[in-house]
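Student: Can we go through this one together? I'd like to start with what the record says and then look at the helices.
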Amino acid sequence: MLLPAPRRLLFHAAIGAAFLLMLAPVAMVMIISVFRQEIVSFPPPGLTLEWYVNAWARQEFARGFLTSLQVALLATAIGVPLGTAAALALQRSAIKGKGALNTLLLGPLAVPGVVAGTALYMFYLRAEFWLDRDLTATLEGLVAAHVLLTIPWTVRLVSASLQGLDRTAEEAAANLGARPLTVFRRVTLPMLRPGIVAAALFSFIQSFENLELTLLLVGPGRTTLPVAMLSYLEFRIDPTLAAVATVQILLVAGLMLITDRFVKLSRVV
Amino acid sequence: MGSLVLEALSKRYGSSTAVERVDLEVAQGEMVALLGPSGCGKTTTLRMVAGFIPPSGGRVLIGGQDVTRAPPYARDTGMVFQSYALFPHMSVAQNVAFGLEMRKVGRAERDERVMEALRLVRLDHLADRLPRQLSGGQQQRVALARALVVNPAVFLLDEPLSNLDAKLRGEVRMEIRALQQRLGLTTLIVTHDQEEALTMADRLVVMERGRVRQVGTAEELYEHPADPFVAGFVGRCNLVSGRLEGGGFRAESGALLRCDSTGAPADAALLALRPERIRLDPDPAGEARITAVTYLGAQTEYHVEQRGTTLLVTRPTPPLGDPMRRLAVGDAVVLSWDAAAVRLLPAA
C-alpha cells in the first residue's frame, strides 16, 4: 500500500525517532570514550585512545572482564541444559502442577535483582555456616547465582520452540526405527537448535551485564565487570568508563551478529 | 513384505469411542483405502497400525505377527505423513538414509539404496538440497522415498495428497499407485477424498463414527451401497425417502417413482439413484420442471422438480445446436430411468 506522501514522511520520521531514542545513549557512550578531556565537555578539545589504554592498565577492569566472562560462560553452560530439560518437562511430560512450575521457573525475572541478590547473600551466609566453606565472593557462588538469571530465558525460548515443533517429524523418526533416545538426539534436539542457541546468547548477555543481583555476592579480588565499573564511578568520573562500556557494547553486538549468522534471531525471539 | 490384519481393533477415549471393533485384512500387495469424513476414526486406525496410539482392544498383525503392543520403532511399517514430516535439518539424501541408518545398513549399501530410492521418485538430482528448498510435490516424493527405502512390510499413507494443489494431486496419485503396484506393497491409505480412494485403492473401507460401514471394490460400493451413508459418501446420489407401494416407490412428497422392488428390503425407506442414470428429455407436456442448470464443461447438471421431489440429473453436455443445449430453468421435461438402476435402502 502506498501512503500519501505526508503520511509516509511522518511514518519514516517516527521510525527514525525510535531508532534515535534507542541508539543515542549508546552512540554517546562510544563518542565520549575518545574525548581527550577528563571532565566531559563540548566541543571536545581533541580525540584520544588514551582511555582505552587506561582501562586495560587498571587491574580491576581487566580482571573484572575475565571474571564476568568466566561466570557468564559457566552460568550459560549450566543454566541452558537445565532450562532446556525444564522446558521439555513442562511441555512434554504428564507431571502435575505445570502452571505453578512454569511460574516458579520464570520467577527470577519478576523479582527485582537487588532483592534476589540480598536474599541470596543471606542464604549464602547461612549455607556457609552449615557447609563450613565460603560461598560469597567465590566463583561457585557467583555462577550459582547467575544460573538463576539464565533459567527463565532458556525455559521461555525453548518452550516456545517446543510448541512450534512439528511432532510428526519425531513420529516419522520412530516409524523409521529410531528408539526414543535416538529420536531426541537426532531429530528433536537439532530442531530445537535455534531456540537453544538464542537461549544461550540471552543467558550469556544477562549474566555478563548483570549488576543488581551480583552486587552483594562479589568480594575483593573477585569482582565482575559491571560491579567494577560501579565502584570506579563512586570515586571518579572520566571517559575510562565510557571506554570500558564501549568494549562491552561491541562484544555483545558482535555476539549477536555472529549468532544471527547461524540462527535467525528474529525467527525465535 | 507381508499382510496386514486388524482384529476387532478399538480405541476409546474415556466414554467416547474413536474406533469401534474394526476388522480388516489387507492381502500382500493389496492397496486398501480407509475412507470417511473427518472424525470417522480412519486416522486413529492408521496410527494404531503404526503404533503411535495404543489400542483399547483388539489386535494388529503384520505378516502374521502380533504387534499390538510393539512400539512404533519395532514395527516394520513405512509411513508417509500428511505434513510430510521431513527432518528439516537434514538433506534430502540424509532424510532418506535415516531409516537405513537405524537398521545399521553399511555406508556403501546405504548410499546405493538411497540413490535408488531417489531415482524411483525422480529426485536423484536434488539429493543435497534441504527440504525447505523443495516444492510441496517434491517434498512429498522425498517422504515417499524415505518410507520406501527400508522395504517396509506395510506401507501407510495418511492423507498423502491433501497438501498438494489439484493438478499435482492427480500426478502424485498415479505415481503412488504405480510404485505400489510395481513394488507389490501392502498398503493402507487414509483419505477423505472419495475420488482419491476410488482411483488408487483395490478395495475401500468406508468408515463413519468409528465404525466400518462397508468394505468393497470401488464398483461394489458405487453400484451396491449397503446403506444411505455409503450411497451419499461414495459418488453423488439422489436419496429420496418414502416407501414401497405396488411396483413403485412413493416419495414422501407424493410422487410415484419407478423402481425394481424385487429383492428390496421390506423396510426400504430410501430410494437411491445416481444422477447420471437419469435420462432427461424436453417435453412440453412433461410434468417435471427444471429449477437449476449448471454448466460444468464436459457435463451439465440439472435440478429437476417433479411433484415436490427434486432430483439431481447429470448429463454429458450436448453439442452446440442440440435442442437439449437450450434447456433452461422453468422448461418442462420428462425424466426416465431403468428400474434396475435404483437401489432401495433401509432408513439411515
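Tutor: Fine. The UniProt annotation "domain: ABC transporter", from an unreviewed entry, covers residues 4-234 of chain B. Keep in mind that this is a predicted model.

Student: How much helix and strand is there over residues 4-234 of chain B?
Tutor: That stretch of chain B is 36% helix and 26% strand, and its end C-alpha atoms are 24 Å apart.

Student: And chain B as a whole, how many helices and strands?
Tutor: Chain B has eight helices and 20 strands. Of its 348 residues, 39% count as buried. Its C-alpha atoms fill a box of roughly 80 × 50 × 30 Å along the principal axes.

Student: What share of the contacts in chain B join residues at least 24 apart?
Tutor: The figure is 66%, among contacts in chain B between residues at least 6 apart in sequence.

Student: Let's take H1(B), residues 42-50. Why is it described as largely enclosed?
Tutor: Because nine of the nine residues of H1(B) are buried, the helix is largely enclosed by the rest of the structure. A residue counts as buried when 20 or more other C-beta atoms lie within 10 Å of its own. The buried residues include B:Lys42 and B:Arg47, along with B:Leu46, B:Met48 and B:Val49.

Student: What follows H1(B)?
Tutor: B:Gly51, with a positive phi near 100 degrees.

Student: OK, B:Ser3 next. Where does it sit, and is it buried or partly exposed?
Tutor: B:Ser3 lies in the segment before strand S1 (4-13) of chain B. With 17 other C-beta atoms within 10 Å, B:Ser3 is partly exposed.

Student: Which residues does B:Ser3 touch?
Tutor: Leaving out residues up to four places away in sequence, B:Ser3 touches B:Glu25, B:Val26, B:Ala27, B:Gln28, B:Gly63 and B:Thr186. As for B:Val142, it is 139 residues from B:Ser3 in sequence and 25 Å from it in space, C-alpha to C-alpha.

Student: Back to helices. At what angle do H2(B) and H3(B) pack?
Tutor: H2(B), residues 92-102, and H3(B), residues 107-120, pack at about 125 degrees, with their axes 9 Å apart. The two helices are therefore oblique to each other. H2(B) passes H3(B) in a right-handed crossing.

Student: Which residues meet there?
Tutor: B:Ala93, B:Val96, B:Ala97, B:Leu100 and B:Glu101 of H2(B) meet B:Arg110, B:Arg113, B:Val114, B:Ala117 and B:Leu118 of H3(B). By class, the contact of H2(B) with H3(B) has seven nonpolar, no polar and three charged residues.

Student: Why would positions three or four places apart turn up on one side of a helix?
Tutor: An α-helix has 3.6 residues a turn, so residues three or four places apart point the same way.

Student: Switching to chain A. What is its secondary structure?
Tutor: Chain A has eleven helices and zero strands. Buried residues make up 34% of its 269 residues, and its C-alpha atoms fill a box of roughly 70 × 70 × 30 Å along the principal axes. Among contacts in chain A between residues at least 6 apart in sequence, 76% join residues at least 24 apart.

Student: Which parts of chain A does the "transmembrane region" annotation cover?
Tutor: According to the unreviewed UniProt entry, residues 9-35, 71-90, 102-123, 135-155, 195-219 and 239-258 of chain A. Residues 9-35 are 89% helix and 0% strand, with end C-alpha atoms 35 Å apart. Residues 239-258 are 95% helix and 0% strand, with end C-alpha atoms 28 Å apart.

Student: How do H6(A) and H8(A) cross?
Tutor: The axes of H6(A), residues 139-163, and H8(A) come within 8 Å and cross at roughly 155 degrees. These helices are therefore roughly antiparallel to each other, and their crossing is right-handed. Among the residues making the contact are A:Trp153 and A:Leu157 of H6(A) and A:Ala199 and A:Phe202 of H8(A). The contact of H6(A) with H8(A) divides into twelve nonpolar, eight polar and no charged residues.

Note on methods:
Residues numbered from 1 in each chain as written. Chains lettered and ligands numbered in written order. Predicted model: local features only at pLDDT ≥ 70, side-chain atom pairs only at ≥ 80, totals over all residues. Axes fitted to C-alpha atoms, helices over the stretch in contact; angles between N-to-C directions. Helix = DSSP H or I, 4+ residues; strand = E, 2+ residues; numbered from the N terminus. Parallel < 35°, antiparallel > 145°, perpendicular 65-115°, else oblique. Left-handed = near helix turned anticlockwise from the far one by under 90°. Contact = placed C-beta atoms within 7 Å. Nonpolar A, V, L, I, M, F, W, Y, C, P; charged D, E, K, R; others polar. UniProt positions renumbered as here; feature names shortened; annotations may be inferred. Buried ≥ 20, exposed ≤ 12 C-beta atoms within 10 Å, placed from the backbone.
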